Amino acid sequence: MRTDWEETAFKKLCLDIAIGKHLINRVHTEMETGDPSRGAAPKTKAIKKNNKWIINGRKSYASMAPALDYVIISALIEETGEVGGFLVPCRLEGVHIEENWDTLGMRGTRSDNLIFENVELDVAALVEFVPPTGKQLPLGWLLHIPACYMGIAIAARNEAVRFASVYKPNSLSGPIQEVPEVRRKVGSIDLQLLTARHFLYSVAERWDKEPEKRGKMEAELAAVKYVATNTAVQVVEEAMRIVGGRSLFSSNPMQRYYRDVQAGIYNPPNDDSTISLLANKAFESINDPTSS
């Protein structure tokens, strides 16, 4: 259980999710502030009035917006200047969906905007405080990002292997799986996937088995996302080269994998932040060997 939640509220939420099959998502990003991991304070405001919280603001990239029952949003508490995490039931008056998800890829996530107009919440809706950048504990649940895009890459790999095993042009006596260059590409794809997957699995296992070390795993979590998403992009592109020009037809699943996988590199943390984090950790280790 999270220690910064009130136990009764947390238990009720868990029961709603486990038994009531309710859906919940964290929604922190705002167009004005960009990636929350870079430390900008949210424009969404929370004001306490008559023993109620009044929330006003706008959040972007609210994945599964039309289906959500709850969201946890970050908002600046005007009285104190702190950033709080507020649990908001999505059916409350004043919560609106702005259907603006018109992207080339990941269309199925329906990551629309959420608008909050004078939304009234009980005092208990403030379920946590968001520490300043640099003081937050690493978030192990962010491993779902590399896992998602690895899944897309694996689907592209499988389609390329299937295609190569059945496609036989007139210039060949058998399917293109017998062509050395096709086999080289498939081998390269599998090597990249094996490397990225084992990295992902090892970090996830360490998170589960060594909870006392989670506070020092920020760099590893960021590195996994970097490796997995960039590997996924490369794998899909190489798989498309096996399938050839027909991979660009709207009827071919490859074009969807290509569009979807591009979104991975824009999920936080961004590549430049990860490289900077790893460099900082390297130089810090010179003065503090226990930091590694």
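Author: Let us begin with a charge over a ring, meaning NZ of Lys or CZ of Arg within 6 Å of the ring centre and within 35 degrees of the ring normal. Here the charged end of arginine 246 sits over the ring of tyrosine 167, 4.6 Å from its centre. This is a predicted model, where local features need pLDDT of at least 70 and side-chain atom pairs count only at pLDDT 80 or more, while totals for chains, interfaces and linings use all residues. Residues are numbered from 1 along each chain as its sequence is written, and side-chain values use heavy atoms, leaving out hydrogens and water.

Reader: How many aromatic pairs are there?

Author: Rings of Phe, Tyr and Trp (its six-membered ring) pair if their centres lie within 6.5 Å; planes under 30 degrees apart are stacked, over 60 edge-to-face, and the rest tilted. That rule gives four aromatic pairs. In one of them, tyrosine 61 and tryptophan 101 have ring centres 6.0 Å apart and planes at 80 degrees, so they are edge-to-face. Phenylalanine 163 and tyrosine 167 are stacked, because their ring centres are 4.9 Å apart and their planes at 20 degrees.

Reader: Is phenylalanine 163 buried or exposed?

Author: Buried means under 20% relative accessible area, exposed over 50%, and partly exposed in between (1.4 Å probe, protein chains only). Phenylalanine 163 is buried at 7%, and tyrosine 167 is partly exposed at 29%.

Reader: How many disulfides does the structure have?

Author: A disulfide is a pair of cysteine sulfur atoms within 2.5 Å. The whole structure has zero disulfides. The sulfur of cysteine 14 is 17 Å from the closest cysteine sulfur, in cysteine 90, so the gap is too far for a bond.
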